[in-house]
Amino acid sequence: MVSGMPTVPECMYAKCVSLPDDKQSGLAVLRPDQESVLVQFRDNVTLTCGSPGRKLRSTASSGFRQCVYDPKPGLPDYWLSGAPPACPRVDCGMPMATPGAEYGQFVDTKYQSSFFFGCQNTFKLAGQTSKHDNVVRCQANGIWDFGDLRCEGPVCEDPGRPSDGLQISRSYEQGSEVLFGCSRPGYILINPRPITCMREPECKVIKPLGISSGKIPDSAINATSERPNYEARNIRLNSVTGWCGKQEAFTYVSVDLGKVYRVKAILVKGVVTNDIVGRPTEIRFFYKQSENENYVVYFPNFNLTMRDPGNYGELAMITLPKYVQARFVILGIVSYMDNACLKFELMGCEEPKVEPLLGYDYGYSPCVDNEPPVFQNCPQQPIIVKRDENGGVLPINFTEPTAIDNSGSIARLEVKPQSFRTPIHIFQDTVVKYVAFDYDGNVAICEINITVPDVTPPLLTCPQSYVIELVDKQDNYLVNFNETRKRIKTSDESGDVHLTFIPERATIPIGAFENVTVEARDRFNNKATCHFQVSIQATPCVDWELQPPVNGAINCLPGDKGIECIATCRPVWDGRAGQLMLITEGLIASKAEYGGGRQLPE
């Protein structure tokens, strides 16, 4: 039997089994020792993708794995932890649309996927891919290979531009957008959205139908009623005045457009001049194609904004979801601010003989003034009314505020109260408002506070002087004169009056009094004063009311006629013995009979 020496235990680093390469997807696993499939604990392996069009996933650990201790069911304790590495195909994403183009079917959007590039019937195919054909392929760099493929064909017409505006466009091709802006300072678009050249539109170009331009003659415009200088012919949006109807059950204006149009939008605003103001707040739209037809009522009615002190000139653009075909139209005023007045324009296009292939989804938006007027000399401080040497109010006179507007002129200037004109006598605090309106519904207000100093003291009446009678005997009594506040009558036109008592309280001896002064002061520091007295006395017929005579004493007892008080003289002054009744002119004096002051005679 041979006996061997015992071996010494040795601790060795753990190792992980390496990941395999995947030649099909181009995945390569690079180890520190390429000859060994084992990776030492804490060592990393590097992952790469060698095939074209394939990349590692976009994660923090997609390019490596580390040998770690991470026990999990079904796995060894030491392994290259993480999700199985992969080299997925690059994704080119959904191909962008090309105006006039039609794409063939494709399985997916990843590397080596492809589809045929074709054009719609009205377009012609032009250009080619990098492979000199019309097959668009997803390339290894993640970009579809369109090359210079395109579809050449018809384009949209020039959509025009708003008055005082500009057009921003790069192309009128299908799918292209056209933007608009306003060139005049302080003006903005009602709606800044772009318009798009689209296939099978409702109109080639949506534009004004001719009311404002004068294409529609005056003879084609009629109304149920009208006022002088505000006749129906002034209904045009660019009119200086506008149309105003008289007060009646239902006021409307009718227009013969001359031929059938596709109406897509209505532009409406009110009237604002120095003569009259008015704005519809709800309108009803009627239309028909021929004279012998009945009018069709568009449902629902259209509501317009209404704001104080009056957005009369504000332009409203009403876009119809679906065009209406009309030659004869009526715009009726259901409700309104101040007066039934309006100006309007229709936007749309002529009824086409053949449906248009390309056109715009909307018309351009008008430019409107967005800046309110500005008062140049509006007083920032209250204006104080002055008085003469006799106290009489002098008339106020100041330079009336003037307003300017970026449009070049003011549509209307109001003064509230309307009768206010300088110079003028003001006898009470007054607020004067100057309100300036421009032609697009913007308003500026200059508010002037006129203050009349108050020099009249408050009206004040004090209560009559009064006596506080005490039942219990005490030498003095504390009186709080504030308790007489309810008995004081005071008022002033300026508002509340502050009362002060001088003194507010006093301790008054029995038989004495206190003079009280009341001061009333208004908010302008004008004051008035009045006076009254408060006396403290004993209640009549109490035993301590009478004072004993000089050199004598007094004893009061209840009797049949009240309290009878018997006074006695001190023996040192009277030599007669016993009690002596106080003799005054031969009568017995009792309280009931004496009824006089508190001091008995000697």
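The second largest pocket lies between domain 4 (374-451) and domain 5 (459-538), because both give residues to its lining. The domain bounds come from an automatic or database domain assignment. The model is predicted: local features need pLDDT of at least 70, side-chain atom pairs count only at pLDDT 80 or more, and totals for chains, interfaces and linings use all residues. Residues are numbered from 1 along each chain as its sequence is written, and side-chain values use heavy atoms, without hydrogens and water.

This second pocket holds about 340 Å³ of space. Its lining has 18 residues, and Phe427, Asp454, Asp492, Glu493 and Ser494 are the closest to its centre. Eight lining residues are nonpolar, four polar and six charged. (Ala, Val, Leu, Ile, Met, Phe, Trp, Tyr, Cys and Pro count as nonpolar, Asp, Glu, Lys and Arg as charged, the others, Gly among them, as polar.)

A pocket here is an open set of points on a 1 Å grid over the protein atoms alone, where a 1.4 Å probe fits, with protein on both sides within 12 Å along at least five of seven lines; lining residues have an atom within 4 Å of a point. Points are joined across faces, edges and corners, and the volume is the space filled by probe spheres set on them.

Now the largest pocket. It has about 920 Å³ of space. Of its 35 lining residues, Ser163, Leu237, Asn238, Lys269 and Cys367 lie nearest the centre. Domain 3 (207-351) and domain 4 (374-451) each supply at least three lining residues. The lining comprises 15 nonpolar, 12 polar and eight charged residues.

Finally, the overall span: the C-alpha centres of domain 1 and domain 5 are 104 Å apart.
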